[in-house]
Structure formats: C-alpha cells, structure tokens
Amino acid sequence: MEYERNYRHWIGEIKTFRYDLNNHLTTNLTNKLQDDLENIYQSAVEFVKIKTDLNIFLEKCPYTLVKLLDENYLP
C-alpha cells in the first residue's frame, strides 16, 4: 500500500511540474533548456546519487525535452 501511495504522489508531482512548465515556457527558455539538457541531467543525477546512494543512472541523458514535457510520458 505504501508503494502505491508513493507512486501516485510522484506521478502527481511530475504532472504538476509539467503543467507549470508548459504554461510558463517561452521560446527563449525552451531553447535554453534544450541547449542545457545534458548539463541539467548530470546535475540531477549527482543530486539523486547523494540523496539516495543509488548508482543506476545512464551516463548520458536518455530523454528529449519534447518527451520530458509530454503530459502523457512517464519515464
């Protein structure tokens, strides 16, 4: 039951973040995110490794910005 609650919580968080991003992205910000996606991914991986001690992440970002902003996509 705990897993189901956590899973649903994080799905809701992802959807909320995407909604906010999609409603506030300008062309300039979209271009910047596209250009910086690999660096953003690397920073996020380092942060998660510190917080969780997991080492399961791909070396290079496996996502595209289009996919990350797609409201129906879940990694």
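**Reading notes on a predicted helical chain**

1. D53 counts as exposed because its relative accessibility is 70%. Here, buried means under 20% relative accessible area, exposed means over 50%, and partly exposed lies in between (1.4 Å probe, protein chains only). D53 sits in the loop between α2 and α3. D53 is not a glycine, yet its phi is positive, at about 65 degrees.

2. This model is predicted, so local features need pLDDT of at least 70 and side-chain atom pairs need pLDDT 80 or more, while totals for chains, interfaces and linings use all residues. Residues are numbered from 1 along each chain as its sequence is written, and side-chain values use heavy atoms, without hydrogens or water.

3. Start with the overall fold. The protein chain has 3 helices and 0 strands. Read along the sequence, the pattern is α-α-α. Helices (H or I, at least four residues) and strands (E, at least two) are DSSP runs, numbered from the N terminus. Helix α1 covers residues 2-24. Helix α2 covers residues 27-52. Helix α3 covers 65-69.

4. Next, the dimensions. Along the principal axes, the C-alpha atoms of the protein chain fill a box of roughly 40 × 25 × 15 Å. The protein chain has 75 residues, and 13% of them count as buried.

5. How many salt bridges does a search of the whole structure find? There are 2. A salt bridge needs a side-chain nitrogen of Lys or Arg within 4 Å of a carboxyl oxygen of Asp or Glu. Side chains of opposite charge can pair when their charged atoms come close.

6. K32 and D36 both belong to helix α2. They are 4 residues apart, which is about one turn of the helix. D36 is partly exposed, because its relative accessibility is 23%.

7. Another salt bridge links the side chains of E46 and K49, at 3.9 Å from N to O. Helix α2 holds both E46 and K49. Their spacing is 3 residues, again about one turn of the helix. E46 has a relative accessible area of 42%, so E46 is partly exposed. K49 is partly exposed too, at 27% relative accessibility.

8. Now the surface. Which residues make a nonpolar surface patch of about 340 Å²? They are Y3, Y7 and L74. Patch residues have over 30% relative accessible area and no salt bridge; like charges are joined within 9 Å, nonpolar side chains (Val, Leu, Ile, Met, Phe, Trp, Tyr) within 5 Å. Areas come from the Shrake-Rupley method with a 1.4 Å probe, and for residues only the protein chains shown count as cover.

9. Y7 lies in helix α1. Y7 is partly exposed, because its relative accessibility is 40%. L74 belongs to the segment after α3. L74 is partly exposed, at 36% relative accessibility. L74 and D36 are 38 residues apart in sequence, and their C-alpha atoms are 21 Å apart in space.

10. Then the largest pocket. Its volume is about 1200 Å³. A pocket is an open set of points on a 1 Å grid over the protein atoms alone, where a 1.4 Å probe fits, with protein on both sides within 12 Å along at least five of seven lines; lining residues have an atom within 4 Å of a point. Points are joined across faces, edges and corners, and the volume is the space filled by probe spheres set on them.

11. What lines the largest pocket? The lining has 23 residues, and I14, A44, Y63, L68 and P75 lie nearest the centre. Helices α1, α2 and α3 each supply at least two lining residues. Helix α2 gives the most, with 10 residues. The lining divides into 19 nonpolar, 1 polar and 3 charged residues. Nonpolar covers Ala, Val, Leu, Ile, Met, Phe, Trp, Tyr, Cys and Pro; charged covers Asp, Glu, Lys and Arg; the others, Gly among them, are polar.

12. P75 lies in the segment after α3. P75 counts as exposed because its relative accessibility is 64%. P75 and E59 are 16 residues apart along the chain, with 16 Å between their C-alpha atoms.

13. Finally, Y19. Y19 lies in helix α1. Is Y19 buried or exposed? Y19 is exposed, with a relative accessible area of 58%. Y19 and S43 are 24 residues apart in sequence and 22 Å apart in space, C-alpha to C-alpha.
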